[in-house]
Amino acid sequence: MAFKKIINDPYQVVDEMVEGIVLAHDDILKFANNNKRAVVRKDAPIKDKVGILIGGGSGHEPAFLGYVGKGLADGAAIGNVFASPSPDPIVEATKAINGGKGVVYMYGNYAGDIMNFDMAAEMCSMEDIPVKTVLVTDDIASAPLDKKKERRGVAGDFYVFKVAGAAAEKGMEIDEVCRLAEKANDMTISMGVALGPCSLPHTLEPSFVLEDDEMEIGLGIHGEAGVRKGKLRTADDITVELMEKILNEMDRSKKVSVLVNGLGSTPLMELYIMYRKVHEILGKNNIEIHSSFVGEYVTSLEMNGASITVIKLDDELQPLLEEETLCSMFRV
Amino acid sequence: MKKNLTTEEFIKILYIICDDIEKNKDYFSELDRATGDGDHGVTMSIGWTAVKEKLDTLSSDLTFDKICMQVASSFLSAVGASAGPLYATALMRGGAKLKDLKSSNALQIADFFEAAANGIKERGKAELGDKTMLDVWIPAAETIKKTSIGQEDIIEILKQGALKAKQAMESTKDMLSKKGRSSKLGERSRGHIDPGAASSAMIINTFFEAIENLDNI
């Protein structure tokens, strides 16, 4: 299968994309100190507000810079395709969003991101900007529950960033924002399925190989191999398998929010067919659906596939999820 | 026999490493597709292209540590990723061992590699046997260090280092990944050479071959 892309130069895709996004949404976004890989809220820095800085590789749009806006992130540091940003844009964005109450770094749990964000945090602490970090670790497929901290971050980013963003917007102090973000992460679980690969613009090679009638359960958002390859089955069967894993970790929670996320080239039609089944399964288990999101929130270029994310809600998390959000690529 | 390496020669070697990375980028990406996200060749190409651009603008009177610092910063800024902090830290720590020098001997070159390897260990927090670039850097640096005792010829110590690096790279094939994205693969990570180990072995080998051929460059 040949990959076709609407691009100019593969080595310019990220810069040209970011430029386009900032031009398209100049009512919400601006560059931090002219750094082309550091995008922040137009009204940053906001005095006496904890700053939320998210980031990661490109290719996951609308993650991460689509999440920048009121009630969510104050800034995003943007890396090359599937590669962590370097410390430079992280430091620039940190300075641009520091309202005097410190900055929380939030990103998926990947070795490269940790090294770059940690280096940036060291540099910022030398300039007296307190920085704390909360990692997102929601992907069931990547490690067992007793090793939750080792799991990689996937579409659960959405809920964890949302909770932290709302807490910061309400004026909470940095320790409280981090506590709530950690709690949201503990409550968030995801499981995905892939039907077809994506390709890096530079190589145009498939990121993994699946036969025409195959699917892979638990595949990562960079094409990392999953837990099981098998014959492609119906939407209902796939949804049952994913939800089984998720329900295993549901303990006694009675209320959730659900995200059915498309990985890049799966039509909304298919995502809603999956959602229909998710709704039925949760109903049968007497679990109330507080809210639902269906669409593309964390993608993997043109990968064909989807993931289901569930966040268990309590009286503390629910109101934060309900807070208004105004970012460039979606509304909550 | 080569007893001293000058900064001028060091810069020539860095240029050759840039070219070799470019030639091998597809191979590195192919290795990475087996166990990771397939971008190691792309990352290395972007990084060393930035290094090349930086080398073009370096003033000729810089000492080793200054060259390393500048090269490391351009590499890191261009790539981020995992390779960015790891290679940049290696270069900066290695360079710090050659502070204020414009010429170095075999013992100092051995110190350079030792510090580079330790820098990677510290930054990446990997252990030997985790199937990472560290599995090349530590044994190669140890071999270079050991060979440098009573051996003044830089070519000879790097030759031994490059041989060791190649063996060490091959040995990552049988290892089980315990670090980075490939660690989630468990048993399925076996049977593939680690891409970071491959690019590291190539760099060390190119360093050796370039020194051996310096007169012809």
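Helices (H or I, at least four residues) and strands (E, at least two) are DSSP runs, numbered from the N terminus. This is a predicted model, in which local features need pLDDT of at least 70 and side-chain atom pairs count only at pLDDT 80 or more, while totals for chains, interfaces and linings use all residues. Residues are numbered from 1 along each chain as its sequence is written, and chains are lettered from A and ligands numbered from 1 in the order in which they are written.

**Exercise 1.** Locate the cis peptide bonds at Pro45(A) and Pro62(A).

*Solution.* Step 1: Ala44(A) is joined to Pro45(A) by a cis peptide bond with omega near -5°. Pro45(A) belongs to the loop that runs between strand E2 (35-41) and strand E3 (51-58) of chain A. Step 2: between Glu61(A) and Pro62(A) the peptide bond is also cis, with omega about 10°. Pro62(A) lies in the loop between E3 and strand E4 (69-70) of chain A.

**Exercise 2.** Determine whether Asp251(A) is buried or exposed, and do likewise for Leu301(A).

*Solution.* Step 1: the criterion counts other C-beta atoms, placed from the backbone, within 10 Å of the residue's own: 20 or more means buried, 12 or fewer exposed, and in between partly exposed. Step 2: Asp251(A), in the loop between helix H6 (235-248) and strand E11 (255-262) of chain A, has a positive phi near 40° without being a glycine. Asp251(A) has 7 other C-beta atoms within 10 Å and is therefore exposed. Step 3: Leu301(A), likewise not a glycine, has a positive phi of about 50° and sits in the loop between strand E12 (288-295) and strand E13 (304-312) of chain A. With 24 other C-beta atoms within 10 Å, Leu301(A) is buried.

**Exercise 3.** State how many residues of chain A are in contact with chain B, and which element of chain A gives the most.

*Solution.* Step 1: the contact involves 29 residues of chain A and 23 residues of chain B. Step 2: strand E5 (75-81), helix H2 (87-97) and helix H3 (111-126) each supply at least two residues on the chain A side. Step 3: H3(A) gives the most, with 5 residues.

Key
Two residues are in contact if their C-beta atoms, placed from the backbone, lie within 7 Å.
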